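Here is a quick tour for someone meeting this structure for the first time. Take a look at the sequence and the model, then read on.

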Amino acid sequence: MWDWIKIAALGLIALAAALAANWGHDLAFRVHGIIVFLVAGGLFVWNVRHVGDAKGPAPTGYFDSVIRAGVIATAFWGMAGFLVGTFIAFQLAFPSLNFEFLQGMGNFGRLRPLHTSAVIFAFGGNALIATSFYIVQRTSAVRLWGGKLGWFVFWGYNLFIVLAATGYLLGSTQSKEYAEPEWYVDIWLTIVWVAYLVAFLGTIMTRKERHIYVANWFFLSFIVTVAMLHIVNNLSLPVSILGSKSVQVFSGVQDAMVQWWYGHNAVGFFLTAGFLGMMYYFVPKQAERPVYSYKLSIVHFWALIFLYIWAGPHHLHYTALPDWASTLGMVFSVILWMPSWGGMINGLMTLSGAWDKIRTDPIIRMMVISLGFYGMSTFEGPMMSIRAVNSLSHYTDWTIGHVHSGALGWNGMITFAALYFMTPKLWNKAGLYSLRLVNIHFWLATIGIILYAASMWVTGIMEGLMWREVDANGFLVNSFADVVAAKFPMYIVRGLGGVLYLTGALVMCVNLWKTAFGKDVPAAVATPAE
């Protein structure tokens, strides 16, 4: 009975998508109709062909097949996001790279949100889903709850990525930072995210271990808070049910406040809390040491969760937002420095008694430098939230350097380390194909980050100073064109940093591919959960 209900639902979705593709009012809506039609139609045919098939025995052990797919998707989207980011970095240095034949689709304005979403949501999101599924099963000693629900989360999330990315290229965007997808894509993400929460929470509720490990606390807070942020910030009314365009429920300064409540907490929970869940599992496992202070990890969790949600208004200094609101955001941002560094110290001190591994183990080295960048970014962020500093840094490339030192250094490096840790275990191999390649990746990525971040710090501070320079009569000394020309050398350095980081990711992909699919002596099969 359930099979026929599923087939009927897929048929109705395919029919609705075909009608949307035919009657849609804009190109993006019609293209998305075709994509959904192909997906739903393909699933409809596949299910019809397999209806009535004999059901095999219920699977046992950990549900690792979906995690293997997540590792592959993470590496793929990472390469895509880094490639687009490097290209648009050179577009800023050489505007002629905005080729005439790419206008309206491949120019900087269309590629920039494609880059941010590919790195944050495609690369980072797949990494979070894969690692959270890996960690929650092993710390709960049970199989992922929900049967094939894990596959729905994985494929549903990646369908969201495809819809969002094609929408950006075709001009379908609601122009909200980190929240560009239009209304129907947002609805689909909400459905997938609820399924993600159900699968994760169901696993915790059916756990065989009495204790809920702290990494799962961070993952759960990330899933729940991102759902709340996403729903509130994306409240909108479609102009037409057959078009992608929508109108925001909030407007003016209220819209700005909601957007940066969302935007900063997308950093706080998507790019911080979730990745701290990775850190609290993979660093102790790779170091083969217990967490330095479990009590500190709990204090870190509750302080971070309480404080981060208030920090968003510091993005709106010197705007129409009331001063009390931006000051509140500034104060909470400064206080946030302390628990953030508590988490960094906890991660680094986990290596107590195993410091020699930094010399011999390049994966540990990646974890250490990711924690270093986490600590640096969580000091720099509160400092930049202070109104006097913000008056110099805001709207300059200093902010770009800050974001990328955190994203490439903290998020990127801890994700690379997690992929290196999981891949041999997921594909039942004795070890990685080459630790030497891991070491090469480490240095390429590290030098790339330093070139990128340092060049943006230098040009950002210069930019802010040039904008505020006035002559004896109080007139601005530098025109906008003067500032852009002065930044050119640093834009070249940034592009070269991106090339190095991209090359390192390519080396990683080769290493992971050789590990997973190359010839190797299999490791002993780990004992799965009953």
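In which helix is I335 found? I335 sits in helix 10. Before going further, this is a predicted model, in which local features need pLDDT of at least 70 and side-chain atom pairs count only at pLDDT 80 or more, while totals for chains, interfaces and linings use all residues. Residues are numbered from 1 along each chain as its sequence is written, and side-chain values use heavy atoms, with hydrogens and water left out.

Helices here are DSSP runs of H or I with at least four residues, numbered from the N terminus. Two pairs are worth a look, with axes fitted to C-alpha atoms over the stretch in contact and angles running from 0 to 180 degrees between N-to-C directions.

| Pair | Axes come within | Crossing angle |
|---|---|---|
| helix 14 (residues 397-426) and helix 15 (residues 435-468) | 7 Å | roughly 165 degrees |
| helix 10 and helix 12 (residues 362-385) | 8 Å | roughly 170 degrees |

That makes helix 10 roughly antiparallel to helix 12, a label for angles over 145 degrees. Helix 14 and helix 15 are therefore roughly antiparallel too. Their contact has 15 nonpolar, nine polar and two charged residues; Ala, Val, Leu, Ile, Met, Phe, Trp, Tyr, Cys and Pro count as nonpolar, Asp, Glu, Lys and Arg as charged, and the others, Gly among them, as polar.

Now for the salt bridges, each a side-chain nitrogen of Lys or Arg within 4 Å of a carboxyl oxygen of Asp or Glu. The count comes to six. One of them pairs D64 with R138, whose closest N and O atoms are 2.8 Å apart. D64 lies in the loop between helix 2 (27-50) and helix 3 (65-93) and R138 in helix 4 (residues 108-140), so this pair ties together parts 74 residues apart in sequence.

Methods: Helices (H or I, at least four residues) and strands (E, at least two) are DSSP runs, numbered from the N terminus. Angles under 35 degrees count as roughly parallel, over 145 as roughly antiparallel, 65 to 115 as roughly perpendicular and the rest as oblique.
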